[in-house]
Amino acid sequence: MTKTALITGITGQDGSYLAELLLSKGYKVYGLVRRSSSVNVERISHIANDITLIPGDLLDQTSIANAIRQSQPDEIYNLAAQSFVATSWSQPELTGQFTALGVTRVLEAIRTENPKIRFYQASSSEMFGSTPPPQTEKSLFHPRSPYGVSKLYGHFATINYRESYGMFACSGILFNHESPRRGLEFVTRKVSNCVAQIKLGLLDKMTIGNLDARRDWGFAGDYVRAMWMMLQADKPEDYVIATGISKSVRELVDTAFKIVDLDYHDYVTVDPALLRPAEVDFLCGDASYAREKLGWAPDVTFEQLVQSMVKEDLQRNRRIIAASGADLR
Ligand code: NAP
Ligand code: F7E
């Protein structure tokens with residue numbers, strides 16, 4: 001029987017990959033999209049004819065309930081959030097409204113409309129914050145940003161609805177995952193795009209913040225597969241999803257510049273304005289439980305990921321140059 005899924009945050013990086021995955025599995029896919037004065041569906045334009053978009057907002061309970069009524073989903077993936085950590089210090093209240101209370105709104109809508117719907121919550125390794133690696137499902141949480149604090153609320157709201165109402169509600173504690181579709185404000189994409197622009201002569205220098213922070217970076221396409229697997233399991237549980245390999249921002253920068261045969265020392269300067277009020281220094285996840293219970297493992301390595309991002313940004317910037325009629329020599 002054909003399954004139906006509703007994805008909040010379908011216009012984001014993960015939403016686009018998840019929609020593709022579910023379509024490939026024969027799902028009917030609905031996406032909740034908030035109103036915008038300009039077109040904001042770049043990442044899903046190639047599948048626009050295969051999915052149904054429903055207007056709604058995580059800030060608005062009625063619109064979430066309406067979306068559930070209209071789509072009658074078997075599964076809901078709650079990916080919508082204010083997801084940029086740096087912005088969570090300048091907009092802490094809004095981040096709490098979207099990223100924390102938004103989860104309760106979706107859970108409450110499921111409880112009242114149809115508590116049999118299976119629910120996935122996009123939890124984050126940012127919840128571990130200052131807890132040293134390796135981080136597992138059993139590690140302590142100590143978030144270091146309003147974003148991390150908000151995600152922790154959503155995480156425990158999900159567990160609480162599971163325990164209070166017996167709902168099939170799962171939290172995926174996902175470590176950083178990236179792709180050529182990553183927003184330009186996140187460090188991996190900022191670096192891949194700057195490297196491409198420097199190589200093509202469009203940019204002279206790149207400024208960066210903390211080069212010593214370490215992250216466990218994987219590929220978004222691998223990570224949305226884990227989301228789906230969690231909702232197919234026999235019982236609802238929470239899982240860490242990570243590669244188990246941690247690299248510093250410095251290593252990321254070095255790898256990306258080397259791909260285009262450049263030395264980052266010649267182009268990169270540190271801007272103290274890009275340092276965060278509190279940093280998450282060292283993330284490295286242990287996804288043994290997901291491997292054991294779900295059979296999940298990542299396919300794409302860090303090097304392959306950075307390579308694909310730099311390559312796509314080179315192509316995209318070349319197209320922009322070509323469209324502007326500039327000389328490419
Ligand atoms: P993203 O690219 O920033 O996408 C966020 C999505 O949320 C966008 O579709 C955005 O819509 C939507 N959204 C924001 N506020 C909304 C609201 N009030 N109502 C409805 N939709 C709203 O994020 P992502 O990288 O795909 O991440 C997906 C989820 O996983 C997020 O919850 C993020 O916090 C979490 N997460 C991400 C990572 C990672 O490394 N990528 C790791 C752990 C957890 P617009 O297009 O209209 O802005
Ligand atoms: O920063 C450092 C920065 O913004 C990574 C989100 O998807 O993953 C993401 O959060 C590291 C930090 O991602 C710059 O200080 C240095 O240590 O790419 P980011 P994030 O904060 O780790 C988690 C798991 C999520 O859940 C979030 O939604 O890089 N860094 N220089 C920089 N970061 C940025 N953005 N820009 C810089 O210039």
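Some housekeeping: residues count from 1 along each chain as its sequence is written, while chains are lettered from A and ligands numbered from 1 in the order in which they are written. Because this is a predicted model, local features need pLDDT of at least 70, side-chain atom pairs count only at pLDDT 80 or more, and totals for chains, interfaces and linings use all residues; side-chain values use heavy atoms, with hydrogens and water left out.

Let's start with ligand 1. It is surrounded by 24 residues, and T11, R34, N40, S83 and Y147 are the closest; a residue counts as near if one of its heavy atoms lies within 4 Å. The side chain of T11 puts an N or O atom 2.6 Å from an oxygen atom of ligand 1. For R34, a polar side-chain atom sits 2.7 Å from a ligand oxygen, and for N40 a side-chain N or O atom is 2.7 Å from one. On its own, ligand 1 has 910 Å² of accessible area, and the protein covers 90% of that (Shrake-Rupley method, 1.4 Å probe).

Which elements give two or more residues to this shell? They are α1 (13–24), β5 (118–124) and α5 (146–165), where helices are DSSP runs of H or I with at least four residues and strands are runs of E with at least two, numbered from the N terminus. β5 gives the most, with 3 residues.

Now for ligand 2. Here 23 residues lie around the ligand, and the nearest are S83, S124, Y147, R276 and E279. A side-chain N or O atom of E279 is 2.6 Å from an oxygen of ligand 2, and a polar side-chain atom of Y147 is 2.7 Å from an oxygen of ligand 2. V187 uses a backbone N or O atom instead, 2.8 Å from a ligand oxygen. Ligand 2 exposes 700 Å² when taken alone, and the protein buries 95% of that.

Last stop, the strands. In β2 (residues 28–33), 5 of the 6 residues are buried, that is, under 20% relative accessible area with a 1.4 Å probe, protein chains only. β2 pairs in parallel with β1 (residues 4–8) over 5 bridges; pairing takes at least two DSSP bridges. Within that pair, A5 stands opposite V29. β2 also runs parallel to β3 (residues 51–55), joined by 5 bridges, with Y30 partnered by T52.

Thanks, happy to talk it over!

Technical notes
A polar contact is a pair of N or O atoms within 3.5 Å; within protein, one must be able to donate a hydrogen and the other to accept it, and residues adjacent in sequence count only if both atoms are side-chain atoms. Buried means under 20% relative accessible area, exposed over 50%, partly exposed in between (1.4 Å probe, protein chains only).
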